[in-house]
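Here is a protein to explore together, one step at a time.

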Amino acid sequence: MKQPRTALVTGAAGFIGYFTCKRLLADGFRVIGVDNLSDYYDVRLKERRQSELLQNPGFRIVNKAIETPQLLMDLFEAEQPDIVIHLAAQAGVRYSIDNPRSYLESNLVGTFELLEAARAFPPGHMLLASTSSAYGANTEMPYRETMKADHQMSFYAATKKANEAMAHSYAHLFGLPVTMFRFFTVYGPWGRPDMALFRFTKAMLAGEAIDVYNHGEMMRDFTFVEDLVEAVRRLVDTPPIRPDKPKDIADGDSLSPVAPWRIVNIGNSRPVQLGDMIAAVEEALGVEARRNLMPMQPGDVPATWADADLLKSLTGYVPQTDIREGVGKFIEWYRDYYQA
Ligand SMILES: Nc1nc2c(ncn2[C@@H]2O[C@H](COP(=O)(O)OP(=O)(O)O[C@H]3O[C@H](CO)[C@@H](O)[C@H](O)[C@@H]3O)[C@@H](O)[C@H]2O)c(=O)[nH]1
């Protein structure tokens with residue numbers, strides 16, 4: 001019988017990690033999760049996601065921080081993962097202004113430990129999370145992976161952009177195939193309590209006003225989590241191959257001229273005004289929002305919009321779910337989880 005492939009997923013108890021592990025398990029992978037259950041947000045939510053995953057005998061979890069010296073090295077040696085999906089990170093744009101050290105440790109030191117382990121025990125493909133925030137101050141939209149992205153607006157975005165460069169150097173030096181995802185504001189059931197959709201829902205159900213930054217003049221390319229995971233799953237089996245000559249790189253492909261490394265946007269490619277997201281929440285809850293109009297937050301970007309052509313050409317897939325449908329699914333989960 002064919003051995004199942006082994007996937008190592010960091011951040012397995014996180015929002016995207018949970019859905020990614022579920023999908024890999026459904027597809028017959030053996031999955032090793034790593035997650036330190038950090039208290040950046042409600043730890044019980046992470047524990048609940050993790051205990052759902054543990055129902056599957058193909059899943060096991062190590063509850064330690066990725067930046068722990070030797071942890072990943074030992075794990076790679078013992079498990080020899082075929083693929084690695086790196087989602088563990090200190091996330092959040094606005095939190096990084098007052099807590100930059102947490103980003104340094106998780107995102108820079110943690111990713112370094114992962115790359116060192118992969119150098120010693122190379123997987124067939126490594127896929128690492130970056131962010132649409134890496135596009136920073138760019139104003140030309142939609143964002144394409146081949147555009148320069150040199151002006152990050154928050155330390156969070158800066159650490160993610162650094163991760164892209166760190167992974168590129170390892171891909172180049174050690175021939176490690178690396179795909180970097182630039183995720184665009186992912187939302188859905190089991191979502192992150194620090195993000196706008198969760199906070200708005202909670203406040204509106206409690207009869208409280210919601211804080212709306214930049215007076216609502218914000219646009220986000222909100223991406224539904226199940227769509228995102230479909231894209232991730234397809235990319236797992238699409239490792240980049242180092243080109244023989246730079247001219248072999250197709251137009252619009254972010255493939256490095258010197259390494260098996262590329263960046264791929266994962267976004268809906270249909271940006272939504274923040275006001276329309278709030279309207280979708282109002283509709284799903286049957287509650288009218290009271291809006292606290294606030295100035296632009298430092299570090300925030302006013303708009304994001306993914307060009308999804310590269311994702312489409314690599315995988316034949318582009319996220320589909322529209323905001324009303326996705327918000328409806330989130331609220332259904334929220335009511336069931338918190339109000340049942
Ligand atoms: N969190 C939050 N956001 C608010 C609020 N009011 C308005 N917003 C606005 O709502 C939009 C969405 O905010 P988030 O859901 O927090 O997402 P984000 O800032 O786009 O960042 C998310 O996506 C990135 C990838 O594109 C991720 O890298 C990041 O970790 C995060 O998940 C932003 O324009 C934000 O300024 C509020 O009270 N709280």
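Is W190 buried or exposed? With a relative accessible area of 9%, W190 is buried, because a residue counts as buried when that value is under 20%. Keep in mind as you look that this is a predicted model.

Let us stay with W190 for a moment. You will find W190 in the loop between β7 and α7. Its backbone deserves a glance too: W190 has a positive phi of about 65°, although it is not a glycine. T185 is another residue other than glycine with a positive phi, in this case near 20°. Look for T185 in the loop between β6 (178-183) and β7 (186-187).

One aromatic cluster is formed by F15, Y18, F19, W190, F198, F330, W333, Y334, Y337 and Y338. A search of the whole structure finds 26 aromatic pairs. One of them joins W333 and Y338, whose ring centres are 6.0 Å apart, with 85° between the planes. This pair is edge-to-face, because planes over 60 degrees apart are given that name. How covered are the two partners? W333 is buried, at a relative accessible area of 9%, whereas Y338 counts as partly exposed, at 34%.

A second pair to find is the one between Y40 and Y41. Here the distance is 6.1 Å centre to centre and the angle between the planes is 65°, so this pair is edge-to-face as well. Y41 is buried, with a relative accessible area of 9%.

Now move to the ligand. How many residues surround the ligand? There are 23 of them, and the closest are R94, S132, Y156, D211 and D300. Sorted by class, this shell has 12 nonpolar, four polar and seven charged residues.

A polar side-chain atom of T131 lies 2.7 Å from a ligand oxygen. In the side chain of R220, an N or O atom is 2.6 Å from an oxygen atom of the ligand. With A196 the backbone is involved instead: one of its polar backbone atoms is 3.0 Å from an oxygen atom of the ligand. How much of the ligand's surface does the protein bury? Taken alone, the ligand exposes 710 Å², and the protein buries 95% of that.

Which elements give two or more residues to the shell around the ligand? They are α7 (196-205) and β8 (210-212). Of the elements, α7 gives the most, with three residues.

The bond from M141 to P142 is cis, with omega near -5°. P142 is found in the loop between β5 (125-131) and α6 (155-174).

Finally, step back to a longer stretch. An unreviewed UniProt entry lists residues 7-238 as "domain: NAD-dependent epimerase/dehydratase". In the model, this span is 43% helix and 17% strand.

Note on methods:
Residues numbered from 1 in each chain as written. Predicted model: local features only at pLDDT ≥ 70, side-chain atom pairs only at ≥ 80, totals over all residues. Heavy atoms only, no water. Near = heavy atom within 4 Å. Polar contact = N/O pair within 3.5 Å; in protein donor to acceptor, adjacent residues only side chain to side chain. Areas by Shrake-Rupley, 256 points an atom, 1.4 Å probe, with all protein chains shown as cover. Helix = DSSP H or I, 4+ residues; strand = E, 2+ residues; numbered from the N terminus. Nonpolar A, V, L, I, M, F, W, Y, C, P; charged D, E, K, R; others polar. UniProt positions renumbered as here; feature names shortened; annotations may be inferred. Phe/Tyr/Trp six-rings, centres within 6.5 Å; stacked < 30°, edge-to-face > 60°. Buried < 20%, exposed > 50% of the residue type's maximum accessible area, 1.4 Å probe, protein only.
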